[in-house]
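I opened the notebook to look up charge pairs, nonpolar packing and pockets. The entries follow in that order.

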Amino acid sequence: MSSMRNLVMGFVVFFLLMIKGEAASDYKQALTKSLLYFEAQRAGKLPANQRVSWRGDSALKDGSDAGVDLVGGYFDAGDNVKFGFPMAFTVTTLAWAVVDSFIELKAAGELQNAVDAVRWGADYLRKAHVAADVLYVEVGDGNSDHACWQRPEDMTTPRTTYKIDAAHPGADVAGETAAAFAASSIALKPSDPNYSADLLNRAKQLFDFAKNHPWKYQDSVPVVSQFYASSGFDDELVWAAAWLHRATGDGAYLDFLQNSGNIGGTRSMFSWDDKFVGAQLLVTKLILQKNVPLSGIWSQYKNSVDQFICSVIQKGSNNVKMSPGGLLWFQPWNNYQYVTAAMLVVSTYAGDLAAAQASLQCPAGVVSPADLTTFVRTQVDYLLGANPKKMSYMVGFGTSSPQQVHHRGASIVSIKKNPAPVDCQGGFTNWFNSPNPNPNVLDGAIVGGPDANDGYNDVRSNFQQAEPATVNTAAIVGVLARLS
């Protein structure tokens, strides 16, 4: 009888593993790939220790039209433009991973790669910040870039530079870059204290610039409107103030947070355009650590992020929609950027609550830190293969992942294999329209992802679903480190 029971139990375990699919997840492998992705997105002169070997040097004259050195940084998605707004958010969230998951990254053997990813972005942002109140916010032109399909190594499209300054301000992008500098100053302090101090000084300068020039950057640089327009700047100001307080302990930044006229209320998402949830979470950490009281404006910060998280984990009064297969669903275009950002928030909060031996009170009941981590795990497992299509939406992870990623560099033969230049339209004819898988695997890229019914069309032209972006993967680095 016991042998029959064991046999039945064996079949049950096997069945459950089959349902789980690829996401009997090697989170550590996913973490490794997530950091590899940032090496594939590098612009500029590649270092000797570059691991993504199909990439080559690119955009080596960026900034020359303005007489400044803007070589380096990250291409933001599947194109070859450098957009400063999402790049700064990418750097902030990568730095957050290093700050909060330092021990876990070190244990996984990925701390140096994470530090390198932060440093590569911070190096570029330092170059872009040429004076206290001058910041270059874009290199390249979105329309001409999108009209061509070329590798970054031999692109022929204009590399026009765009900046904000006191006469043409942008509090949103200045505030986000201040947050990136402040977070990076904490992340990089153990490895380079002098560099960290420089970043912190820049963070203070840009925060003051943003605070004193309340203006949306697309009103100063209209070319960004079609691609990364900002919905406002109040979120970047509290986000930057929260990071600056964490980096300095200076009460002036607490005063700003306490006296801000807009702390966002309960948000529907956390993203490169809406940082309120992140600021609310950083303030809530201060409450849990008893550095500020749970009263007045401080309790409003906490209540807002609590409601957001309750809605995400399906225990709120206005829950985030989920697909039939269990994926959080925010919107059709690059849904995964919102999912990974939400998981960063939930995972971080789980750690903060656990440290404070506290729990979360949701409309549907009390939620423990372990409950939050369990929910995060379901979303990460879906990402890595435990979904109706049994495919991973992280490229290169598992036995089935997107083959026709909407990405210029990955979809064209490596310049290392065939150095013959690919011209603007030839790239469409020979590579974009090809029915074949991409010749280069963009390891660690997280594509836009499935639709509201768990459907995914793995076709290069399907940019809504098949295009990855740095913001997608940056947010998951710290989450994977915690799960590894």
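**Entry 1: salt bridges**

I started with lysine 127 and aspartate 69, whose side chains meet in a salt bridge at 3.3 Å, N to O. My criterion was a side-chain nitrogen of Lys or Arg within 4 Å of a carboxyl oxygen of Asp or Glu. Lysine 127 sits in helix 5 (residues 111–128) and aspartate 69 in the loop between helix 2 (27–40) and strand 1 (82–83), so the pair ties together parts 58 residues apart in sequence. Helices (H or I, at least four residues) and strands (E, at least two) are DSSP runs, numbered from the N terminus.

A note on the source: this is a predicted model, where local features need pLDDT of at least 70 and side-chain atom pairs count only at pLDDT 80 or more, while totals for chains, interfaces and linings use all residues. Residues are numbered from 1 along each chain as its sequence is written, and side-chain values use heavy atoms, with hydrogens and water left out.

Next I checked exposure. I called a residue buried under 20% relative accessible area, exposed over 50%, and partly exposed in between (1.4 Å probe, protein chains only). Lysine 127 is partly exposed at 31%. Aspartate 69 is partly exposed too, at 44%.

I then looked up arginine 119, which forms a salt bridge with aspartate 192; the closest N and O atoms are 3.1 Å apart. This pair also links distant parts of the chain: arginine 119 is in helix 5, and aspartate 192 is in the loop between helix 7 (171–188) and helix 8 (193–212), 73 residues apart. Arginine 119 is partly exposed at 28%. Aspartate 192 is partly exposed at 23%.

Are aspartate 154 and arginine 151 buried or exposed? Aspartate 154 is buried at 13%, and arginine 151 is buried at 1%. Their side chains meet in a salt bridge at 2.6 Å, N to O. I also found Glu39, Arg42 and Arg51 joined into one network by salt bridges that share partners. The structure holds 22 salt bridges.

**Entry 2: nonpolar cores**

I took a core as a set of buried Ala, Val, Leu, Ile, Met, Phe, Trp, Tyr and Cys residues joined through side-chain atoms within 4.5 Å. The largest has 151 residues, of which Ile309, Val312 and Leu372 touch the most other members. Helix 15 (residues 336–355) gives the most to this core, with 12 residues.

I listed contacts (heavy atoms within 4.5 Å) for leucine 372. Leaving out residues up to four places away in sequence, leucine 372 touches Ile309, Ile313, Val346, Tyr349, Ala350, Leu353, Leu360 and Val367. A second, separate core has 6 residues, including Val413 and Phe428.

**Entry 3: pockets**

I used a 1 Å grid over the protein atoms alone; a pocket is an open set of points where a 1.4 Å probe fits, with protein on both sides within 12 Å along at least five of seven lines, and lining residues have an atom within 4 Å of a point. A volume is the space filled by probe spheres set on the points.

The largest pocket has a volume of about 500 Å³. Of its 25 lining residues, Ala77, His146, Tyr228, Trp333 and Glu467 lie nearest the centre. Helix 10 gives the most to this lining, with 3 residues.

The second largest pocket has a volume of about 270 Å³. Its lining counts 19 residues, with Thr266, Arg267, Gln307, Ser311 and Asn318 nearest the centre. Helix 14 (residues 296–312) provides the largest share of that lining, 6 residues.
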